[in-house]
Amino acid sequence: MQTVVWSDSLELGHERIDAEHRLLMDIAADIEVIVDDGGNLAVLQSLYQEFHRLLQIHCAYEEGLLRSLPHSVFGAQVDSHCQGHARLITQARSVADGSLPEGYDTHRVFANAYFQLMHDLLIDDAELIGALIREGRHAPRPMPGHSSSGYGHPPV
Ligand SMILES: [Fe+2]
Ligand SMILES: [Fe+2]
């Protein structure tokens, strides 16, 4: 069963964010195939390692963008969204390290909950990144001593 499927409605119009979302969803789809096949633990662990690596890069970049939204209007939503990112990252790290997060007995149950949370955050991305695009802001706010470059995409 596939929880997360890419569709045009998830395309936000931001080249780098869209490319990263597609990559993450490709790995999510691979994870679901392995889980459906009975869950080879070594393969799952390595897929979650790659997912975790890309997710960290993606969330750091995206949070840099979201910080430029007006705090008075979007502050609470951005805070809550970033907490969702942190939860996704922590849980991916746990599985990448070889243990399911507390409260999950099987990879099937975990993957269902995990990719549902990811999907909810993607919907939230559409609202938040959409607001940035309407304001014409496509690049993260520069932070002193912090490089926003990712893993090979040119800055946008
Ligand atoms: Fe995102
Ligand atoms: Fe996000």
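What is the mean pLDDT of the protein, and what share of its residues reach 70 or more? In this predicted model, the mean pLDDT (the predictor's confidence in each residue, from 0 to 100) is 87, and 87% of the residues reach 70 or more. Over residues 147-156 the pLDDT is below 50, and this stretch has 14 contacts in the model beyond near neighbours in sequence, a contact being two residues whose C-beta atoms, placed from the backbone, lie within 7 Å. Residues are numbered from 1 along each chain as its sequence is written, while chains are lettered from A and ligands numbered from 1 in the order in which they are written. Local features need pLDDT of at least 70 and side-chain atom pairs count only at pLDDT 80 or more, whereas totals for chains, interfaces and linings use all residues.

**View 1. The elements of the protein run α-α-α-α from the N terminus on.** The secondary structure comes to four helices and zero strands, taken as DSSP runs numbered from the N terminus (helices H or I, at least four residues; strands E, at least two). Of the contacts with a separation of 6 or more, 74% are accounted for by residues 24 or more positions apart.

**View 2. Helix 2 (residues 41-66) and what covers its buried residues.** The 26 residues of helix 2 should span 38 Å at 1.5 Å a residue, and its end C-alpha atoms are 35 Å apart, which agrees; the expected span is 1.5 Å times one less than the number of residues. Among the buried residues of helix 2 are Leu44, Leu47, Phe51, His52, Leu55 and Cys59, where buried stands for 20 or more other C-beta atoms within 10 Å of a residue's own, exposed for 12 or fewer, and partly exposed for in between, with C-beta atoms placed from the backbone. The cover over these buried residues includes helix 1 (15-36), helix 3 and helix 4.

View 3. Arg93 counts as partly exposed because it has 16 C-beta neighbours inside 10 Å. Although Arg93 and His52 are 41 residues apart along the chain, their C-alpha atoms are separated by 6.1 Å.

**View 4. The contact of helix 3 (residues 71-96) with helix 4 (residues 107-134).** The axes of the two helices come within 10 Å and cross at roughly 145°, the axes being lines fitted to C-alpha atoms over the stretch in contact and the angles running from 0 to 180 degrees between N-to-C directions. Residues of helix 3 including Phe74, Val78, His81 and Leu88 meet residues of helix 4 including Tyr114, Leu117, Leu121 and Leu128.
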